[in-house]
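Take a moment with the sequence and the model below. Then follow the text from one element to the next.

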Amino acid sequence: MPDISTKPYLLRAIYEWCTDSGYTPYLAVKVDAATTVPMEYVKKGEIILNISYGATSGLKMDNDAITFRARFNGVSRELYIPVQNVLAIYANENGQGMAFDVSTTAAELAPPAPAPVPETASAPAAASAPGLSAVPGKTSGATASEVSHLPDDNNEPPKKGGRPTLTRIK
């Protein structure tokens, strides 16, 4: 029997701690082909998402993936985040939470596609599996309650001081 990962249990526990403490839970996610998020908010291959009760609808944190609907620029979007791709979960107000090492993403773990089977009278063509893709959308006019991270044109790290941030120490 394969080992069961503790990561989804820890994510649910930190989420519950944040909400019980009155904090806003944020999720840092490494974006790849297996992740469905609004690509216009992805920066350096990552996205920060507000997953509080007020910012999401239908939040489901399973052992394999986190799914929910959220509004971006007034448009409701379905998001799909493999647990494998979660970099961190933390309280926005104080930065307390937990960071995870994401050395292999869900897209890298996906099994290779099977070789096509030739169609014969006794063997019909194999149906292809549905794939996930990025959700297109607009980038202007989003409010702070709708998204947790707005895109910008500069790629500089945030300035020191102000609000606390989560820092991964290896």
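This is a predicted model: local features need pLDDT of at least 70, side-chain atom pairs count only at pLDDT 80 or more; totals for chains, interfaces and linings use all residues.

Begin with α1, residues 7-20. This helix has 14 residues and reaches 20 Å from its first C-alpha to its last. That is close to the 20 Å expected at 1.5 Å a residue. Its buried residues are Lys7, Pro8, Leu11, Ile14, Tyr15 and Cys18. Seen down the axis of α1, these buried residues fall within an arc of 130 degrees, so they line one face of the helix. An α-helix has 3.6 residues a turn, so residues three or four places apart point the same way. The cover over the buried residues of α1 includes β1, β3, β4, β6 and β7. After the helix comes Gly22, with a positive phi near 80 degrees.

Next is β1, residues 25-30. Five of its six residues are buried. β1 runs antiparallel to β6, and five bridges join the two. Here Tyr26 stands opposite Tyr90 of β6. β1 also runs antiparallel to β2, again with five bridges. In that pairing, Leu27 has Leu49 of β2 as its bridge partner.

Now look inside. The largest nonpolar core has 25 residues. Leu11, Leu49, Ile66 and Ile81 have the most contacts within it. α1, β1, β2, β4, β5 and β6 each supply at least two of its residues. A second, separate core has six residues, among them Ala28, Leu87, Ala88 and Tyr90.

How values were computed: Residues are numbered from 1 along each chain as its sequence is written. Side-chain values use heavy atoms; hydrogens and water are left out. A nonpolar core is a set of buried Ala, Val, Leu, Ile, Met, Phe, Trp, Tyr and Cys residues joined through side-chain atoms within 4.5 Å. Buried means under 20% relative accessible area, exposed over 50%, partly exposed in between (1.4 Å probe, protein chains only). Helices (H or I, at least four residues) and strands (E, at least two) are DSSP runs, numbered from the N terminus. Two strands pair if DSSP finds at least two bridges between them. The expected span of a helix is 1.5 Å times one less than its number of residues. The arc is that of the directions from the helix axis to the C-beta atoms. Contact means heavy atoms within 4.5 Å.
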